[in-house]
Structures are given as C-alpha cells and as structure tokens.
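Let's take a friendly walk through a protein model together. Please have a look at the sequence and the 3D view before reading on.

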Amino acid sequence: MDINDARSVVTVLGLLCFIAISLWAFSGRARKGFDEAALLPFSEDDLPVPEGGRQTKEGNKNG
C-alpha cells in the first residue's frame with residue numbers, strides 16, 4: 001500500500017466522520033438536548049452563596 005493510498009483513506013474517513021457529526025448535530029433528536037444546554041448559563045441555581053450572608057440575584061450580600 002502506497003503512502004498516498006493511506007492518506008486518501010484517512011481523508012475519506014475524516015470526511016465521513018465530519019458528515020456523520022454534522023447530520024447528528026442538525027438532527028431533530030439532538031435539538032432538545034441542545035436547547036436545554038443553551039439555557040444552562042441562565043439558570044439561577046448555581047450562584048455561589050457568600051460567606052455569612054444572603055445572596056441577591058447578582059450574588060452580592062444584602063445590607
């Protein structure tokens with residue numbers, strides 16, 4: 001097997017992987033998971049609570 005044949009095989013496999021990932025990413029089944037992941041930065045459950053104080057929406061101490 002010539003080195004150029006191996007390069008061609010690797011290139012074709014890479015193209016097939018790219019097409020498969022693209023089809024998966026734009027499929028209807030993956031959309032729900034992507035929509036949920038897109039909203040994660042806006043969830044308020046993960047805000048840290050400061051030491052010895054309450055937290056406001058911005059994470060600052062009250063008073």
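Of the 63 residues of the protein chain, 3% are buried, where buried means under 20% relative accessible area, exposed means over 50%, and partly exposed lies in between (1.4 Å probe, protein chains only). The chain has an accessible surface of about 6000 Å², and carbon and sulfur atoms account for 62% of that surface. Such areas come from the Shrake-Rupley method with a 1.4 Å probe, and for residues only the protein chains shown count as cover.

This is a predicted model, in which local features need pLDDT of at least 70 and side-chain atom pairs count only at pLDDT 80 or more, while totals for chains, interfaces and linings use all residues. Residues are numbered from 1 along each chain as its sequence is written, and side-chain values use heavy atoms, with hydrogens and water left out.

The secondary structure consists of 2 helices and 0 strands. Helices (H or I, at least four residues) and strands (E, at least two) are DSSP runs, numbered from the N terminus.

Which residues form an aromatic pair? The count is 1 aromatic pair, and its partners are Trp24 and Phe34, arranged edge-to-face with 5.5 Å from centre to centre and 75° between the planes. For this term, rings of Phe, Tyr and Trp (its six-membered ring) need centres within 6.5 Å; planes under 30 degrees apart count as stacked, over 60 as edge-to-face and the rest as tilted. Trp24 sits in helix H1 (residues 3–25) and Phe34 in helix H2, so the pair ties together parts that are 10 residues apart in sequence.

Helix H2 (residues 28–39) also holds Asp35 and Arg31, which are 4 residues apart and therefore separated by about one helical turn. Asp35 forms a salt bridge with Arg31, with the closest N and O atoms 4.0 Å apart. A salt bridge is a side-chain nitrogen of Lys or Arg within 4 Å of a carboxyl oxygen of Asp or Glu, and the structure holds 1 of them.

Here is how accessible these residues are, together with Leu13, which lies in helix H1:

| Residue | Relative accessible area | Class |
|---|---|---|
| Trp24 | 52% | exposed |
| Phe34 | 38% | partly exposed |
| Asp35 | 41% | partly exposed |
| Arg31 | 56% | exposed |
| Leu13 | 48% | partly exposed |

Leu13 also belongs to a nonpolar patch on the surface, together with Met1, Val9, Val12 and Leu16, and the patch has about 540 Å² of accessible area. Patches are made of residues with over 30% relative accessible area and no salt bridge: like charges are joined within 9 Å, and nonpolar side chains (Val, Leu, Ile, Met, Phe, Trp, Tyr) within 5 Å.
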